[in-house]
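Please read the points below alongside the sequence and the model.

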Amino acid sequence: MEVDPEPSAESKPTEMDLEDQVRRRRRRRTDSLGNLFFLFGGFDVIIRGLCLWPAQADAKGKGMAGSEEREEGKGKGEELVDSIGNLSIGSGRTNFKKKPVIILVIGMAGTGKTTFMHRLVCHMQAKSNMRGYVLNLDPAVMTLPFGANIDIRDTVRYKEVMKEYGLGPNGGILTSLNLFSTKFDEVISVIERRADQLDYVLVDTPGQIEIFTWSASGAIITEAFASTFPTVVAYVVDTPRSTNPVTFMSNMMYACSILYKTRLPLVLTFNKVDVAKHEFAIEWMQDFEAFQTALDSDSSYTSSFTRSLSLVLDEFYKNLRSVGVSAVSGTGVDAFFEAIEASANEYMETYRADLDKRIAEKERLEAERRNENMERLRRDMEKSKGQTVVLSTGLKDKIPSSEMMGDADEEEEDEALEDFRISEDDDEEDEVEDDEVTHLGY
């Protein structure tokens with residue numbers, strides 16, 4: 001059997017060849033990583049710094065003194081700080097537009113919201129200088145007396161949602177609204193593209209007022225509108241039913257809760273003034289004594305409670321706009337749009353500033369968190385000096401599971417030995433007792 005001869009010494013790679021190969025591999029690794037992370041924008045700077053440090057440390061660290069190494073580390077640290085400072089992460093805030101004005105029509109069931117929406121749509125179509133857009137957010141309505149540009153019924157099938165999830169009427173409406181709100185950014189995009197061609201956007205909400213006002217989907221829709229366009233809430237009140245002071249106070253309490261929940265301008269819209277005039281409501285809001293006089297005929301607990309609430313809401317009435325309208329005859333629609341324009345101006349002066357303040361506070365907290373993470377990254381990179389870093393898993397101070405299992409096994413063995421010793425002692429005691437009994441028997 002023939003054996004291959006041993007390779008000659010000339011074919012063996014030298015030490016310099018090995019160093020060149022290592023250097024080329026590191027250069028290829030650096031280039032490949034740099035090209036890969038270039039897609040991620042500013043992070044390319046950090047990745048190149050991480051990759052180049054080991055190669056530079058190997059190439060320059062062989063013939064340098066300790067002081068030169070410190071100077072080089074300091075220069076690298078400053079370069080890293082500059083590269084991190086140049087990273088720009090833009091905020092996701094959308095551009096705010098002053099037009100169109102969003103009108104959220106909210107009211108209890110039976111107040112005439114849909115009929116009032118029909119009147120507003122007809123009024124805008126009759127006026128050549130008013131351009132409107134209509135949204136329907138009520139998935140349970142059977143027919144609409146007006147045409148909706150965006151209709152929730154085209155996206156979500158209310159009855160199918162009830163059958164699929166086994167829900168009742170209110171649960172079906174709430175679930176349908178939740179499903180629709182997950183894609184509401186597309187609705188905002190559609191309105192943004194047509195913003196220059198619109199003056200008002202009318203939004204019809206579900207008849208069950210609590211489903212829109214106090215649900216997560218209602219808050220998402222309201223905040224999405226308010227952060228992009230001037231938004232006003234029109235709270236529709238059934239005027240004939242509000243002639244009762246207790247019912248009037250319950251409506252005012254609900255309007256107050258909506259105002260502080262949404263943090264948006266609110267216009268009290270007394271509907272059905274063709275049946276009952278709304279002057280009595282204006283008088284009760286402006287004259288405290290007149291409302292107290294209306295309550296004198298009732299001495300129940302509800303009347304006493306309403307009398308106390310009227311003192312609380314006296315300040316609330318002073319900063320509230322109210323109009324009387326008739327969805328059937330069209331009375332007061334012009335006054336309604338005047339109140340909407342005044343509320344939109346108030347939004348730009350007061351509410352928008354508050355919203356900007358909240359957004360700025362959120363962005364400040366996010367920037368602080370981002371800077372803290374960048375500073376932690378810089379300290380870790382300076383401390384590692386280009387060496388391989390082992391990421392902490394958060395289990396550093398905890399006992400390994402293997403040791404815990406070992407300790408548990410040792411405790412079980414000790415308990416078994418203790419039980420065995422106890423059993424031996426019991427056996428010895430039994431034998432002694434048997435011997436004593438035998439001795440007595442003899």
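The numbered points below go from the overall make-up to individual residues.

1. The model under discussion is predicted. The secondary structure of the protein consists of 16 helices and 7 strands. The protein has 442 residues, of which 35% count as buried.

2. Two packed helices are described by the angle between their axes and the distance between the axes. Helix α5 covers residues 158–165 and helix α6 covers residues 169–181. Their axes come within 9 Å and cross at roughly 110°. Angles of 65 to 115 degrees count as roughly perpendicular, and α5 and α6 are therefore roughly perpendicular to each other.

3. Which residues make up the meeting of α5 with α6? From α5 come Y158, V161, M162 and Y165, and from α6 come P169, G172, I173, T175, S176 and L179. The residues of this contact divide into 7 nonpolar and 3 polar, with no charged residue.

4. A pair of aromatic rings is described by the distance of the centres and the angle of the planes. The protein holds 11 aromatic pairs. In one of them, the ring centres of F116 and F336 are 5.1 Å apart and the planes stand at 85°, so the pair is edge-to-face. F116 belongs to helix α4 (residues 113–126) and F336 to helix α15 (residues 333–384), so this pair ties together parts that are 220 residues apart in sequence.

5. Are the two residues of that pair buried or exposed? With a relative accessibility of 1%, F116 counts as buried. F336 counts as buried too, with a relative accessibility of 0%. A further aromatic pair joins F180 and F184, with 6.1 Å from centre to centre and 75° between the planes, and this pair is edge-to-face. Both F180 and F184 are buried.

6. The rings of F116 and F336 also belong to a cluster, in which ring pairs link F116, Y200, F336 and F337. One of its members, Y200, has a charged neighbour: the charged end of K99 sits over the ring of Y200, 5.6 Å from the ring centre.

7. Helix α15, which contains F336, is also the place of I359. I359 has a relative accessible area of 19%. Buried means under 20%, so I359 is buried. The C-alpha atoms of I359 and S227 are separated by 9.3 Å, while the two residues are 132 residues apart along the chain.

8. R263 is a residue other than glycine, and its phi is positive, near 60°. R263 is found in the loop between α10 (245–262) and β6 (266–271). Its relative accessible area is 42%, so R263 is partly exposed.

9. K272 likewise is not a glycine and has a positive phi, of about 65°. The place of K272 is in the loop between β6 and α11 (279–286). How is K272 classed by its relative accessibility? At 24%, K272 counts as partly exposed.

Methods: Residues are numbered from 1 along each chain as its sequence is written. This is a predicted model: local features need pLDDT of at least 70, side-chain atom pairs count only at pLDDT 80 or more; totals for chains, interfaces and linings use all residues. Side-chain values use heavy atoms; hydrogens and water are left out. Axes are lines fitted to C-alpha atoms, for helices over the stretch in contact, and angles run from 0 to 180 degrees between N-to-C directions. Helices (H or I, at least four residues) and strands (E, at least two) are DSSP runs, numbered from the N terminus. Angles under 35 degrees count as roughly parallel, over 145 as roughly antiparallel, 65 to 115 as roughly perpendicular and the rest as oblique. Contact means heavy atoms within 4.5 Å. Ala, Val, Leu, Ile, Met, Phe, Trp, Tyr, Cys and Pro count as nonpolar, Asp, Glu, Lys and Arg as charged, and the others, Gly among them, as polar. Rings of Phe, Tyr and Trp (its six-membered ring) pair if their centres lie within 6.5 Å; planes under 30 degrees apart count as stacked, over 60 as edge-to-face and the rest as tilted. Buried means under 20% relative accessible area, exposed over 50%, partly exposed in between (1.4 Å probe, protein chains only). A charge sits over a ring if NZ of Lys or CZ of Arg is within 6 Å of the ring centre and within 35 degrees of the ring normal.
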